[in-house]
Amino acid sequence: IAGAYEAYEKALAIGPREAESEFAAGTLASMLGRNDRAIEHYSAAQAIDRSNPQYPLFLGQAQLKENESDAAVASLMLAVTLDPELAIGWGTLAEIALRENKLNIAAQHIERARALQPRDPTWRMIEARLLLRQSEPDQAIAVLRGLDEAQRRDPAAMRLMAQCFGMLRLPEEAAAMYAEASERQPQDADLAFEAAIWAERAEDLTAAVRFGERAQTLGHNQASAFVARLRDGG
């Protein structure tokens, strides 16, 4: 990749500087972790061709990586103006608004993304996080249950589901979810420890100790203290 990027840089220095070449160079720079250079190339591509929504889309994503939120929003808004069916543009705008706690704006943007790609798990996750932020855990759970089985097993999805159950004061539901996951993947220390934590919150100390010991055996760095505390009665 490094060699290909250097070749693009040399070609662009000689000219002519074409939008497609700038865009390709920006993508290679991004893959190399040279985000500052990616921004330069994507900006150049957009300046040359203002009709292609991919250029401001990729520029906005690169700017977001640099925590340039205002610039990223401007770029992404241009992208979705050029192509209103650009779900990733709307979804990324929703993510930025959610980070900034602009919940009404986030809701508008994620609604657009979900309408365009209703089965995309990324947009479901953002919507569920938004609903949880709006103190609507039951609705968030309904959104998360729309994920397929493999997607529901994703650690981020499980954590979010557990937060919802916690807000609803249903720790036993989170405990059952993590217990099932740990039994399915008994060599996963993190799942075992989460199962132990939620079992304790559900006041099932027998299960809490069992999963805590499993996590301890698997080398989880917090499990020993957890199990010792439970055995000492608190």
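**Reading the terms in a predicted model**

Arg 201 lies over the face of Trp 198, at 4.4 Å from the ring centre. The model is predicted: local features need pLDDT of at least 70 and side-chain atom pairs pLDDT 80 or more, while totals for chains, interfaces and linings use all residues. Residues are numbered from 1 along each chain as its sequence is written, and side-chain values use heavy atoms, without hydrogens and water.

Q: What makes Arg 201 count as lying over the face of Trp 198?
A: A charge sits over a ring if NZ of Lys or CZ of Arg is within 6 Å of the ring centre and within 35 degrees of the ring normal. Arg 201 is placed at 4.4 Å from the ring centre of Trp 198. The charged end of Arg 210 likewise sits over the ring of Phe 211, 4.4 Å from its centre.

Q: Why is Arg 114 called buried?
A: Buried means under 20% relative accessible area, exposed over 50%, and partly exposed in between (1.4 Å probe, protein chains only). Arg 114 has 17% relative accessibility, and therefore counts as buried. This residue lies in helix 7, residues 103-116; helices are DSSP runs of H or I with at least four residues, numbered from the N terminus.

Q: Which residues does Arg 114 contact, leaving aside neighbours within four places in sequence?
A: Contact means heavy atoms within 4.5 Å. Arg 114 is in contact with Trp 123, Arg 124, Glu 127 and Val 143.

Q: Why is Pro 84 called partly exposed?
A: Its relative accessible area is 42%, so Pro 84 is partly exposed. Pro 84 lies in the loop between helix 5 (69-82) and helix 6 (87-99). Not counting residues up to four places away in sequence, Pro 84 touches Trp 90, Arg 112 and Leu 116.

Q: What makes the pair of Phe 23 and Tyr 55 tilted?
A: Rings of Phe, Tyr and Trp (its six-membered ring) pair if their centres lie within 6.5 Å; planes under 30 degrees apart count as stacked, over 60 as edge-to-face and the rest as tilted. Phe 23 and Tyr 55 are 5.2 Å apart centre to centre, with 45 degrees between the planes, and form a tilted pair. Phe 23 lies in helix 2 and Tyr 55 in helix 4, so the pair ties together parts 32 residues apart in sequence.

Q: Why is Glu 203 called exposed?
A: Glu 203 has a relative accessible area of 71%, and is therefore exposed. Glu 203 also has a positive phi of about 65 degrees although it is not a glycine.

Technical notes. Helix = DSSP H or I, 4+ residues; strand = E, 2+ residues; numbered from the N terminus.
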